[in-house]
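I opened my notebook to look at how side chains meet one another in a protein. Here is what I looked up, entry by entry.

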Amino acid sequence: MNFYKYVEIFDTTLRDGEQTPGVSLTPQEKLEIAKQLDRLGVDAIEAGFPIASQGERDAVKLIVKEGLNAEVYALARVNKNDIDAALSCDIKNIHLFIATSDIHLTYKLKMSREQAVEKAVEGVEYAKAHGLNIEFSAEDATRSDLEYLKKVYKFVVEAGANRIDIPDTVGVMTPSKISNIVKEVKCVVNVPVSVHCHNDFGLAVANTIAAIEAGAERAHVTVNGIGERAGNAALEEVVISLYSLYGIKTRINTQLIYSTSKLVSQLTGIMIPPNKAIVGDNAFGHESGIHTHGVLSMPLTYEPINPELVGRKRWIQAGKHAGAHGILAKLHEMGWQPTEEQLKAITNRVKELGDKGKTVTDTDLVAIARSIIGRGSEEKVIDLLDLAVMTGFKVVPTASVKLVLEGKEYIAAETGVGPVDAAVKAIQKVTDNLANIRLKEYRLEAITGGSDALAEVIVKVEDREGNIMSARAAGEDIVIASVEAMINGINEILRRRKRLQTDVSQ
Ligand code: KIV
Ligand code: ZN
């Protein structure tokens, strides 16, 4: 591997990522993601599979027209119709593929090995004759006969392919196996080699990195690792592992990784698991006393990378595992200065709640601190004056809210999938301009039984700077409790922002 060179990132979020069951993006949504990927610094964007639908062609066209820095590719099988569909989108770069494993040849394509190689060459020649820059994939390469696979790659390169890609279509590789295939293939082709790993055994990132170590020049990845079945190699994990563990560079602006991940999650509807590396909620969260103490004195004790490297912030959770150091840091963050005695009492109260199985939110911590330190109630930056919801059978759930924000009254109305969703959206409409605060997590628990049960709502809200606050509210009416929890969380974030501004100006 030439360690002084940049490894190229070929992002296929908009193609393989969109093949995640249940995901379907509009052309405008695809364009929004493509623009963000371009800002992120990917070298190539696979914008879609034009033969699939008119919407797909519209999306690819729209993205090509945008004139991004990244190369924009369209996917096509090695046949005239697919290539013509891609050409109709004005693309300059095409990702051509045909399967080469005996399983695919026998049961899917019903072709001999010779027929497949002939078809591949024909497709490449046709695309070349139309002036396209070609990356060629032998689908299911890793289950193909190696000598045959090398022959296919050699022939397509002779026919004009500019790059070849080795897809591990069903994710069956191990790092040593893919490394061997890359080395073997590189002996017969003189063009750059890409690797495209699926995550069926959870090895997509490890295999991608092994392939790069073996000499692959380009990695196919998706944001958040979305994609067919268990997904593809995750962009953020590949890029940050290469950078932090191998000292291998890409052109990615790593500080945009988190915002890109959130955008993709929001538009695809695919939630990010909290324990997901790099972009999961818990990736830079600490609760246990030993860990928070360590991180507060030297972040490297329990953090392999600085969260800011990927556009994130470290956060500390109060709970039964927490120690006084972590709780003190959290209280300082929220503007409280307890004495040693008070801190001890607050920590004990937090642990008691944790032992009862309770989540201790930031607003709970404030309530405990207030009861022990005895300071008056916190200033409310935002408050709910009125809430009305309309819902029913065949009625679009609608909510209107009246809020007072920094002394000024605002009214907003929104529709949603249910009354809670509508009410949350209406609040966000008002707070959007001020702080772009989003609901990140919502949990509803019934405290008592029956249809008049007391409901408890726990929310996590996040602003555009990545400040996250958790809050709670309880009541018999789920919509009111949800709105109050949201308002409590927003107040906590706004107070924190005000404190930070005051600190900076002092
Ligand atoms: O996984 C795969 O084999 C693919 C091909 C289209 C390259 O996505
Ligand atoms: Zn794939």
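**Entry 1: ground rules.** I am working with a predicted model, where local features need pLDDT of at least 70, side-chain atom pairs count only at pLDDT 80 or more, and totals for chains, interfaces and linings use all residues. Residues are numbered from 1 along each chain as its sequence is written, chains are lettered from A and ligands numbered from 1 in the order in which they are written, and side-chain values use heavy atoms, with hydrogens and water left out.

**Entry 2: the zinc ion.** Which residues coordinate the zinc ion (ligand 2)? I found D16 (OD), H196 (NE2) and H198 (NE2), at 2.0 to 2.1 Å. Donors here are N, O and S atoms within 2.8 Å of the metal (3.2 Å for Na, K and Ca); water is not among the atoms, so sites may look incomplete. Along the sequence, the donor residues follow the spacing D-x179-H-x1-H. I also looked up burial: H196 and H198 are both buried. Buried means under 20% relative accessible area, exposed means over 50%, and partly exposed lies in between (1.4 Å probe, protein chains only).

**Entry 3: salt bridges.** Side chains of opposite charge can pair when their charged atoms come close. I counted a salt bridge when a side-chain nitrogen of Lys or Arg is within 4 Å of a carboxyl oxygen of Asp or Glu. How many salt bridges does a search of the whole structure find? It finds 41.

I picked E303 and R314, whose closest N and O atoms are 2.8 Å apart. Both residues lie in the loop between α11 (289-297) and β10 (315-316), so the pair ties together parts that are 11 residues apart in sequence. Helices (H or I, at least four residues) and strands (E, at least two) are DSSP runs, numbered from the N terminus. Is E303 buried or exposed? E303 is buried, at 3% relative accessible area, while R314 is partly exposed at 30%.

Next came E456 and K358, with their closest N and O atoms 3.7 Å apart. This pair links distant parts of the chain: E456 is in strand β15 (residues 455-462) and K358 in the loop between α13 (340-355) and α14 (362-373), 98 residues apart. E456 is buried at 7% relative accessibility, and K358 is partly exposed at 36%.

**Entry 4: aromatic pairs.** Rings of Phe, Tyr and Trp (its six-membered ring) pair if their centres lie within 6.5 Å; planes under 30 degrees apart count as stacked, over 60 as edge-to-face and the rest as tilted. By this rule I got three aromatic pairs.

One of them is F49 with F97, a tilted pair at 6.4 Å centre to centre and 55 degrees between the planes. F49 sits in the loop between β2 (44-48) and α2 (54-65) and F97 in strand β4 (residues 93-99), so the pair ties together parts 48 residues apart in sequence. F49 is buried at 18%, and F97 is buried at 15%.

Why is the pair of F136 and Y153 edge-to-face? Their ring centres are 6.3 Å apart and the planes meet at 85 degrees, so the pair counts as edge-to-face. F136 belongs to strand β5 (residues 133-139) and Y153 to helix α6 (residues 146-159), 17 residues apart. F136 is buried at 0% relative accessibility, and Y153 is buried at 0%.

**Entry 5: charges over a ring.** A charge sits over a ring if NZ of Lys or CZ of Arg is within 6 Å of the ring centre and within 35 degrees of the ring normal. I found the charged end of K249 over the ring of Y6, 5.1 Å from its centre. R251 lies over the face of Y6 at 4.8 Å from the ring centre.
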